[in-house]
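Here is a short briefing to read with the model open beside you. Take the topics in any order you like.

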Amino acid sequence: MGLLDALVGRRAVKGPAARERLFALSTAYVTLETEQQITSSGVAGIVFQPLATSDFAAMVKDMEEVVKATASEMGASAESQDDSYGFRWLIVRDKGAVEDLVVTINGVSTAIEEGGYGERLLCAVFTFKDAKGAAINFIYNYKRGSWYPFVPAGGEQQRSTERELQLKAQIGGELPIEPELERWFPLWGIPF
Amino acid sequence: MLLTMFLLGLLYVALIGALIASGAGGVTIAVVAVVLFSFQLFASDKLALATMGARVVTPQEQPELHAVIERLCIQADLPKPRVAVMDVNMPNAFATGRSQKSATICATTGLLAMLEPAELEGVIGHELTHVINRDVMVMTIASFFAMVSAVIIRFAFFFGMFGGGGFGGGGRGRGGGQNEEEAVLVVILVSVVVYTISFVLLRALSRYREFAADRGSAILTGRPSALASALIKISGTIERIPSNDLRSAEGMSAFFIVPARAKQSLMNIFSDHPPLDKRLAALARLEAQLQGTSK
């Protein structure tokens, strides 16, 4: 993307960042569990923007079949769902370790990237519970290659910023946390 | 678009040349220019929002609009802009702000009521692309010298009316006075020419940026036809709205998604938005490319 593209207003949509950053969770969750008593609820999802083309639909169909097959081999399950904003979720349930969830989610994003649609990936969401049973989400932004916590509070469209900032301080050493707070986008209506 | 930019630049160089050649009040002109430029850059967006009666809204007030903007911001890798709503039935949207961090996206209540989520996403994608492309900055810089010319013309009228014989008949020598008068006349003439030509070129530039924003929205959302559908819906109602409602919106029309004018433009060259059918044709081409059915 050169100066010329910027001048004439032609910019491509950014593709996903390096993959290792997603895998940071597979070690960071140990710290969450042992030091903060925050445990995985065994569910994760990846959300992407489906294109209404036959090529994209075929790619997604193949990818979903592979993911569902491998998930059931590992004693997990996978399902897909469309939300009200027209985005597609692929939801993975695995009672085992967080590593398996990360591997499965990475499999989905890799398939979408290899199909040539990497720029359609939005983010991945991993859900956790703290000692009191309150829900905590860790969201991985594919464009930025960074993580941020998202803790819904009681009430409509309310989030607990205080808790999120605490989590940043607690896990920031191990998880690459998004430094710009204005990019901690909430995801309301997570379908799991 | 590059040719338009080049011509604008050339025009402005000519203007500066004429100003320097005249030698009249170089410092004054520079100071006035800097003041005007900073005002336009730093205050115009707040002024625009205030005069339009737009109100910044929280996620609790407009959860849908915020959610659409948030998802597109993740997709576009943008910081979240301020979100404002204008309580007007005319369906429209615009973006302001000199940089990505100071941007505001504003939609009217009419727009929110009229469009389906996917269509709204297309319109918001168009406005976000204006933010990504820094179109407010581009248009401010591009229109800057046109504004300087306009100011010079106004000053000229002022002096022409109140200082009539002052140049020639003052305490100065006769010959020197005449030279100065000629120089001032040349500057005024050049300013008029610069203003006229830049007016046409600016409109052309604005139309290019609109096409670019449509294209950007289509790429961002992956749904060119949803934006096309939104444009058809919006333009359909705008033409039916009484004109006195529209007058108040006239000043912002360069950043509206569809210009707020009831009557058909006289000529395409004077229009700051491309005609609807051309925009729809461009979106149809994008949809064909996306579907892999073009050529």
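**Helix α3 of chain A and the two-chain model**

The buried residues of α3(A) pack against α2 (20-23), β1 (39-48), α5 (98-114), β4 (121-129), β5 (135-141) and α6 (161-171) of chain A. Helices (H or I, at least four residues) and strands (E, at least two) are DSSP runs, numbered from the N terminus. This is a predicted model, in which local features need pLDDT of at least 70, side-chain atom pairs count only at pLDDT 80 or more, and totals for chains, interfaces and linings use all residues. Residues are numbered from 1 along each chain as its sequence is written, while chains are lettered from A and ligands numbered from 1 in the order in which they are written.

**Around α3(A)**

- In helix α3 (residues 25-36) of chain A, the buried residues are L25(A), Y29(A) and L32(A); buried takes 20 or more other C-beta atoms within 10 Å of a residue's own, exposed 12 or fewer, and partly exposed lies in between, with C-beta atoms placed from the backbone.
- Those buried residues line one face of the helix, because they fall within an arc of 55° seen down the axis of α3(A); the arc is that of the directions from the helix axis to the C-beta atoms.
- An α-helix has 3.6 residues a turn, so residues three or four places apart point the same way.
- T34(A) and E35(A) are exposed, on the face of α3(A) turned away from its buried side.
- After α3(A) comes Q37(A), with a positive phi near 55°.

**Strand pairing in chain A**

- Seven bridges pair β1(A) with β4(A) in the antiparallel sense; strands pair if DSSP finds at least two bridges between them.
- F48(A) has R88(A) in β3(A) as its bridge partner.

**Where the chains meet**

- Chain B gives 31 residues to the contact and chain A gives 30 residues; two residues are in contact if their C-beta atoms, placed from the backbone, lie within 7 Å.
- On the side of chain B that touches chain A, α4(B) provides the largest share, nine residues.
- That side of chain B comprises 18 nonpolar, seven polar and six charged residues; Ala, Val, Leu, Ile, Met, Phe, Trp, Tyr, Cys and Pro count as nonpolar, Asp, Glu, Lys and Arg as charged, and the others, Gly among them, as polar.

**Nonpolar cores**

- The largest nonpolar core has 90 residues, and C123(A), A124(A), I139(A), I105(B), C106(B) and L128(B) have the most contacts inside it; a core is a set of buried Ala, Val, Leu, Ile, Met, Phe, Trp, Tyr and Cys residues joined through C-beta atoms within 7 Å.
- α4(B) gives the most to this core, eight residues.
- Another core, of 11 residues, lies apart from it and includes L15(B), V148(B), I188(B) and V194(B).

**A buried loop residue**

- N133(B) sits in the loop between α6 and α7 (135-162) of chain B.
- N133(B) is buried, with 21 other C-beta atoms within 10 Å.

**Confidence**

- The complex has an ipTM of 0.72 and a pTM of 0.74 from the predictor.
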